[in-house]
Amino acid sequence: MKSRPTNPGAGPFEQALACDQRDFDEPWQAEAFALAVQLHHQGLFSWPEWSETLAAEIAKLAERGEENYFLCWLNALEGLVERKAVTSRSELAFVADAWREAYRNTPHGKPVHLAD
Amino acid sequence: MSGGHQHPPSEMALRVKALETLLTDRGIVDAGAMDAVLDYYEHKVGPRNGARVVARAWVDPAYRARLLDDATAAVGELGFLGLQGECMVAVENTDNVHNVVVCTLCSCYPWSVLGLPPAWYKSHAYRSRVVLEPRAVLQEFGVNLPDETEVRVWDSTAEVRYLVLPRRPEGTESLDEEQLAGLVTRDAMIGTAVLDGSPGESAGQGATAESPAASTPAPKVEPSPKVE
């Protein structure tokens, strides 16, 4: 077996393990996770369909030498809802912009609402 | 930006908010159900479920046989049902065989018995390397196997999820099922740890110091690992 220099017990996975205490680093990751699971429960897509889409997004980013698991998750989610004609990328971008504006225009401490 | 107003969240957070808004407006998802999903995956399922399966298999030979024959049914007997309609397969470590699980394409994982996968399980380094050089990867986890032990790597899919049935540690003959379950760690059920009989950490959600925020440094990997 061709082995790279390894220090048993101190390899890269050891470092990864040290930061491996939480499922999600940021709330949006948890929300994106829950959205996919719920859409599956609603029957919008099968789980194999989901996995395939996620795997394709992971591969796409990996081709560029990048790795960002939950970004891939989010890309897969947007791709699937568009493919299922639930909404479109342009509509999503429009609503995201509206939310950005709503944050900017809401005084600190007040709940943020979307203008109709 | 003027003092009293709020900073918008990150681009990705805004994209998720947009999805939530549109899907909620269309009556496809609702906030209550999303909270329930998160509560379930963060608190109700986890490696403790898998540890109970393993401990039962150690003390009850008939259950062990059923688990190895049809893990979906045997795991279901204990009330742990896969929510994506997946099929479960249990693979048993023996004196001669060590099993380790991966999902090379994405992150398929036996959620119902192990909860959500750890960050390293989803990393490119683990996904690509464990297939090509399992012994080297296992060594980095601190698992040193004798040369004569055969290593089997199982690639999960959306349809089939694997659970490793670790070897019962020596000197645990006097322990009951509950105590045995306390020895079983998440990593042992993925195959990246072996049990030595000391109480398991991660079946509870092992923790030492608080974790550094945000990005988990992905393990480094060389561009295209050579086939051995």
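In the predicted model, R56(B) is partly exposed, its relative accessible area being 25%. The partner of R56(B) in a salt bridge is E177(B), with 2.8 Å between the closest N and O atoms. This pair links distant parts of the chain, since R56(B) belongs to helix α3 (residues 47-59) of chain B and E177(B) to helix α10 (residues 177-181) of chain B, 121 residues apart. E177(B) is likewise partly exposed, at a relative accessible area of 26%.

Salt bridges with shared partners also join residues into one network, made up of E78(A), E82(A), R89(A) and R15(B).

A further salt bridge in chain B is formed by the side chains of D39(B) and K44(B), with an N to O distance of 2.5 Å. D39(B) has a relative accessibility of 32% and therefore counts as partly exposed. For K44(B) the relative accessibility is 48%, which also places this residue in the partly exposed class, as the exposed class begins over 50%.

Contact between the chains is illustrated by R26(B) and E91(A), which form a salt bridge whose closest N and O atoms are 2.6 Å apart. R26(B) lies in the loop between α1 (11-25) and α2 (31-44) of chain B, whereas E91(A) is part of helix α5 (residues 89-105) of chain A, so the pair joins two chains. The relative accessible area of R26(B) is 38%, making R26(B) partly exposed; E91(A), at 27% relative accessibility, is partly exposed as well.

Over all chains, the count of salt bridges comes to 19.

Terms used: Residues are numbered from 1 along each chain as its sequence is written. Chains are lettered from A and ligands numbered from 1 in the order in which they are written. This is a predicted model: local features need pLDDT of at least 70, side-chain atom pairs count only at pLDDT 80 or more; totals for chains, interfaces and linings use all residues. Side-chain values use heavy atoms; hydrogens and water are left out. A salt bridge is a side-chain nitrogen of Lys or Arg within 4 Å of a carboxyl oxygen of Asp or Glu. Helices (H or I, at least four residues) and strands (E, at least two) are DSSP runs, numbered from the N terminus. Buried means under 20% relative accessible area, exposed over 50%, partly exposed in between (1.4 Å probe, protein chains only).
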